[in-house]
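Here is a friendly walk through one protein chain, from its overall layout down to a single residue. Have the viewer open as you read.

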Amino acid sequence: MPSARECVCCCEVSKIDDVKNEHTDTACITDNPGFHPLCLDTHVLKVAYYQYRQQYGEHPYHGNERNRYTEYRQFLRWCWQFLGKEVRVVIPSCVLFFLLLLSLIYIFSLKSDFLKKKPKKKKNNEAPF
Ligand SMILES: [Zn+2]
């Protein structure tokens, strides 16, 4: 269970709010057009991890945990540009929720064909619902 300190909205953190407000129609940082390509694109994350590995060596986690760690790092880099080694910040709950949800959807899609199934084609005389 997150503490009150850990449960923050992206609007409450000035660094994130500044990035979010680069686009006026963005209510949440996850709606910003930069969020998906920077924090979710697998190619971008792969290259970001290469940079991490070159600087710090192999990360102890693998698979989804390492991917999620890289997503967090990308998000922090995007909003803060640079954090010192001992500087810790709280990632907003909306970002954590979004990344966790996508991770779960990805895992679920790998383990079943649930998301790969195409909807049945409706016949012309059927109601749309
Ligand atoms: Zn938000």
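## Overall layout

Read along the sequence, the chain runs α-α-α-α-α. That makes five helices and zero strands, where helices (H or I, at least four residues) and strands (E, at least two) are DSSP runs numbered from the N terminus. This is a predicted model, in which local features need pLDDT of at least 70 and side-chain atom pairs count only at pLDDT 80 or more, while totals for chains, interfaces and linings use all residues. Residues are numbered from 1 along each chain as its sequence is written.

Of the 129 residues in the protein chain, 15% are buried. Here buried means 20 or more other C-beta atoms within 10 Å of the residue's own, exposed means 12 or fewer, and partly exposed is in between, with C-beta atoms placed from the backbone. Among contacts with a separation of 6 or more, 54% join residues 24 or more positions apart; a contact is a pair whose C-beta atoms, placed from the backbone, lie within 7 Å.

## Helix α3 and its partner

Helix α3 has 15 residues and spans 20 Å from first C-alpha to last, close to the 21 Å expected at 1.5 Å a residue (the expected span is 1.5 Å times one less than the number of residues). Of those 15 residues the number buried is one, so α3 lies largely in the open. After α3 comes G57, with a positive phi near 90°.

Helix α3 (residues 42–56) packs against α4 (residues 63–80) at about 85°, their axes 10 Å apart. Axes are lines fitted to C-alpha atoms, for helices over the stretch in contact, and angles run from 0 to 180 degrees between N-to-C directions. The two helices are therefore roughly perpendicular, a label for 65 to 115 degrees. On the α3 side, L45, A48, Y49 and Y52 meet N67, T70, E71, R73 and Q74 of α4. By class, this contact has four nonpolar, three polar and two charged residues.

## The core and V95

The largest nonpolar core has twelve residues: C10, I16, V19, I29, F35, C39, F75, L76, C79, V95, F98 and L99. Such a core is a set of buried Ala, Val, Leu, Ile, Met, Phe, Trp, Tyr and Cys residues joined through C-beta atoms within 7 Å. Helices α1 (14–20), α2 (35–39), α4 and α5 (93–111) each supply at least two of its residues.

Where does V95 lie? V95 is in helix α5, and V95 is buried, with 23 other C-beta atoms within 10 Å. Leaving aside neighbours within four places in sequence, V95 contacts C10, I29, T30 and F75. V95 and F75 are 20 residues apart in sequence and 8.8 Å apart in space, C-alpha to C-alpha.

Conventions
Angles under 35 degrees count as roughly parallel, over 145 as roughly antiparallel, 65 to 115 as roughly perpendicular and the rest as oblique. Two residues are in contact if their C-beta atoms, placed from the backbone, lie within 7 Å. Ala, Val, Leu, Ile, Met, Phe, Trp, Tyr, Cys and Pro count as nonpolar, Asp, Glu, Lys and Arg as charged, and the others, Gly among them, as polar.
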